[in-house]
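Could you walk me through the structure shown here, as someone meeting it for the first time?

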Amino acid sequence: MRKGRKGICLLAVTALVFFVCGCTQGGENRKSYVAVITKSTSSAFWKTVYAGADAAATEYNLSLTLTGPEKEEDYERQNQLVREAMDNGAEVIVFSAVDYNANSQVINEAAQRGIKIVVIDSDVNSDQVSCRIGTDNVEAGRQAAQAALHTDEEELYVGIVNYDVNSANGQQREQGFREIMEESPRVKEITTINVVSTTEDAREGTRELIKENPQINVIVTFNEWTSLGVGWAIRDLEVKDAIHVVAFDSNTVSVGMLETGEVDALIVQNPYAMGYLGVEAASILASGNNVQESDVDTSVKIVTRENMFEPECQKMLFFFD
């Protein structure tokens, strides 16, 4: 009789263990999986995006992956990463497009599988996007123009060092920039070059631009890598006193160039907010709800040598201590 009771107790304990383990495993399985796929992974900008995304994933108890191609022009690798996220069961993809058109088909495929799409930073040509979060790029271009006009030169000969023509945000920034500059009677000429989004290509392209157009006294450029390339070219040619430079984004090198004069103004975005708000929106969508706003502007700040040490600017320039 005792033996029988022991057997019953053992079975009860075993059943309880399986019940508890099963509940724990089920809880883990219910954690929504969000894939963040960006244009690249190595720059200070994207590392800050990842920090914001990771903070939101922790707060909302999400399973998160952070991936992107090595080069900002590699839309094919980015498409491959989207398909991998689809195959791995992503419920939401937070996406920054390398190529406005070339990334659209795979995003539409993901949406057809029921995966929700949130765009951050750089848009994609798809009507399946639930929410777009990032800089108002046309307005950021206008802000860059205002910073470019903040020079004592009476006549302005402007050089634009832009990146991939297929990237929506670069083209929108140039659009906003031109809107303001072309209205100014001080602007006599605008010359645009497009370079690969690397420091070295932007550096070489800027040197050639200046040599071929020695009248240029203003240069504007629109992302982190091209900003560094322009700054190095200005240093190479020793023309920091002759050319007023407006650049985008920030890292320790570009902030140093702002201090030493190769760069005169930085248009600083808020990548941490892009990452955080993107994953926060993903959490809402994964729970079956709709986001309240379909377009969220994370704003920009014009930082110059005159205001760079103000507390608000310091927060924008340095996301990590």
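The questions and answers below go through a predicted model.

Q: Which strands are the edge strands of the open sheet of six strands?
A: The sheet has the order 2-1-3-4-5-11, with parallel pairing. An edge strand pairs on one side only, and this holds for strand 2 (63-67) and strand 11 (295-297).

Q: Which residue in strand 4 does Phe-95 stand opposite?
A: Strand 3, covering residues 92-95, pairs with strand 4, covering residues 116-120, in the parallel sense over four bridges. Within strand 4, the residue that stands opposite Phe-95 is Val-119.

Q: At about what angle does helix 3 run to strand 1?
A: Helix 3 (residues 75-87) lies across strand 1 (33-37), strand 2 and strand 3. Its direction relative to strand 1 is given by an angle of about 180 degrees.

Q: Is helix 8 roughly parallel or oblique to helix 9?
A: Helix 8 (residues 224-237) and helix 9 (residues 252-260) pack with their axes 10 Å apart, at an angle of about 40 degrees. Angles under 35 degrees count as roughly parallel, so helix 8 is, relative to helix 9, oblique.

Q: Which residues in helix 9 are met by residues in helix 8?
A: Helix 8 passes helix 9 in a left-handed crossing. From helix 8, Leu-228, Gly-231, Trp-232 and Arg-235 take part, and in helix 9 they meet Val-253, Ser-254, Met-257 and Thr-260.

How values were computed:
Residues are numbered from 1 along each chain as its sequence is written. This is a predicted model: local features need pLDDT of at least 70, side-chain atom pairs count only at pLDDT 80 or more; totals for chains, interfaces and linings use all residues. Side-chain values use heavy atoms; hydrogens and water are left out. Two strands pair if DSSP finds at least two bridges between them. Helices (H or I, at least four residues) and strands (E, at least two) are DSSP runs, numbered from the N terminus. Contact means heavy atoms within 4.5 Å. Axes are lines fitted to C-alpha atoms, for helices over the stretch in contact, and angles run from 0 to 180 degrees between N-to-C directions. Angles under 35 degrees count as roughly parallel, over 145 as roughly antiparallel, 65 to 115 as roughly perpendicular and the rest as oblique. A crossing is left-handed if the near helix is turned anticlockwise from the far one by less than a right angle, and right-handed if clockwise.
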